Amino acid sequence: MRIVLAGFGVVGRSLLEIVSEQSEELVRRYGMSLRFVAIVDKGGAAVSENGLNPLKALESKRLKGTVAGYPGCGKPGIDTLSILDDVEADVFIDALPTNLRDGEPSYTYLKKAITMRLHTITVNKGPLALALPALKELAEYRGVVLRFSGSVGGGMPVIEFARQCAMGDRVVRVEGILNGTTNYILTRMEEGLGFQEALREAQEKGYAERDPSLDIKGYDTAAKLVILANEVLGIRATLEDVEIRGIEGLDGREIEDAKRRGETIRLIGKVDGGLRVEPTRIKVDDPLAVRYAMNAVAFQTENSGRHIITGRGAGGRETATAILRDLIQVKKFMAGGGVT
Ligand SMILES: NC(=O)c1ccc[n+]([C@@H]2O[C@H](COP(=O)([O-])OP(=O)(O)OC[C@H]3O[C@@H](n4cnc5c(N)ncnc54)[C@H](OP(=O)(O)O)[C@@H]3O)[C@@H](O)[C@H]2O)c1
């Protein structure tokens, strides 16, 4: 399988690490031989028709700051659009930074890749939150697979779990904690820290997005909620359809009051009729009341009850594993087996 990877940061590099560690197993278990024909970062690209050596790509990035430093294969200054024009591939993987304003540059790259009939995987919430219905239509029209398992819940198989919940049943409501940073902050505030102190700690631990206002103002949760609404409930929503209230206005008194009543305040994203993100009181023994940077999502079904998945909602290797899951689906599709 020939792959173009855009973005060689925490997630992109983790993917190459895992592939280098597990290449034999991927062939043995899934018949999947992954050939990275191009990797792009801000400094340019490394390109090889025969496939780049993952360890050399990682080393070039480490030593030279860009994958374009790859000996003999480096193309400094070249961008993803030129790569898509020039390099033959089967799959495009987008691991570029999230931009919730207009989804760029990923949105343009995704449209181009799908239009060129490349199977496409993204972990980037931006273009999905703004235009998932349009991207799905385009992928269907072009007859390619579009997968985005890592865009919600990092390595947790949230979307796959939801699909299973909906089999022979109907998911009627989704609610959950979809952002580890805010959950960490709220947990630490319960333990007595002030908001700023708790935020600083979350940043030091590497939980917060580059721009933490996306976490705190609720936009990150809202973007993931939009993806779930489309994928699980079939609602053609975008970010504009979400009512959003973040945690920045919360003070210690509210948190103390909840505690006295056996409750806890969590930033919950919820889809039942509409889409809403807001700090919400839940019982401390509700399985959704996870602590620190954990995520939890509940799917209420018509007949089989409420099903909950919890886990770490982020992390480079976790999210790279979600990409591998998506690649396995692409492989199945390419082998004529359809996708699940
Ligand atoms: N990290 C996580 O735990 C996690 C979990 C779930 C989803 N995600 C999503 O995964 C995506 C990547 O996250 P990350 O943590 O890997 O981010 P990151 O470490 O900031 O990496 C971003 C990569 O994109 C490259 N890049 C930026 N603009 C580019 C452009 N115009 N053309 C080509 N390359 C460009 C950067 O290049 P340089 O290296 O040259 O700067 C870098 O390699 C984001 O959308 C994020 O929301 C991340």
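## A walk through the predicted model

Glu-59 sits in helix H2, which covers residues 54–64; helices here are DSSP runs of H or I with at least four residues, strands are runs of E with at least two, and both are numbered from the N terminus. The model is a predicted one, in which local features need pLDDT of at least 70 and side-chain atom pairs count only at pLDDT 80 or more, while totals for chains, interfaces and linings use all residues. Residue numbers start from 1 along each chain as its sequence is written.

Glu-59 is partly exposed, because 15 other C-beta atoms lie within 10 Å; a residue is called buried if 20 or more other C-beta atoms lie within 10 Å of its own, exposed if 12 or fewer do, and partly exposed in between, with C-beta atoms placed from the backbone. Between Glu-59 and Glu-190 there are 43 Å in space, C-alpha to C-alpha, and the two are 131 residues apart in sequence.

The protein chain as a whole has 12 helices and 13 strands. Its radius of gyration is 20 Å, close to the 20 Å that the globule rule gives for 340 residues, so the chain is as compact as a globular protein of that length; the radius is taken over C-alpha atoms, and the rule is 2.2 Å times the number of residues to the power 0.38. The C-alpha trace spans about 65 × 45 × 35 Å along its principal axes, and 49% of the 340 residues count as buried.

One of the two sheets described here is an open sheet of seven strands in the order E4-E3-E2-E1-E5-E6-E7, with mixed pairing; two strands pair if DSSP finds at least two bridges between them. At the edges stand strand E4 (74–76) and strand E7 (146–147), each of which pairs on one side only. Within this sheet, E2 and strand E3 (residues 44–47) run antiparallel and are joined by four bridges, and Val-40 stands opposite Ala-45 in E3. Helix H12 lies across E5, E6 and E7 and runs at about 165 degrees to E6; such angles run from 0 to 180 degrees between N-to-C directions, along axes that are lines fitted to C-alpha atoms, for helices over the stretch in contact, and two residues are in contact if their C-beta atoms, placed from the backbone, lie within 7 Å.

The other is an open sheet of six strands in the order E9-E11-E10-E8-E12-E13, and its pairing is mixed. Strand E9 (242–244) and E13 stand at its edges with a single partner strand each, so one side of each is left without a neighbour in the sheet. From one strand to the next, the twist averages 30 degrees. Strand E8 (residues 171–177) pairs with strand E12 (residues 294–301) in the antiparallel sense over six bridges; Glu-175 stands opposite Ala-298 in E12, and Val-171 stands opposite Thr-301 in E12. E12 is also joined to strand E13 (residues 306–312) by seven bridges, and these two run antiparallel, with Arg-312 in E13 as the bridge partner of Met-294. The hairpin of E12 and E13 has four residues between the strands, and in it Gly-305 takes a positive phi near 90 degrees. Helix H6 (residues 158–166) lies across E8, E12 and E13, running at about 20 degrees to E12.

Most residues other than glycine have a negative phi, and most peptide bonds are trans. The peptide bond from Glu-104 to Pro-105, however, is cis, with omega near 0 degrees, and Pro-105 is found in the loop between strand E5 (91–94) and helix H4 (106–115). Arg-117, in the loop between H4 and strand E6 (119–122), has a positive phi near 65 degrees, and Arg-117 counts as exposed because it has 12 C-beta neighbours inside 10 Å.

The ligand, finally, is surrounded by 28 residues, of which the closest are Gly-7, Gly-9, Val-11, Lys-42 and Ala-314; a residue is near a molecule if its C-beta atom, placed from the backbone, lies within 6 Å of it. Helix H1 (10–30), strand E2 (35–41) and helix H12 (316–334) each supply at least two residues of this shell, and H1 gives the most, with three.
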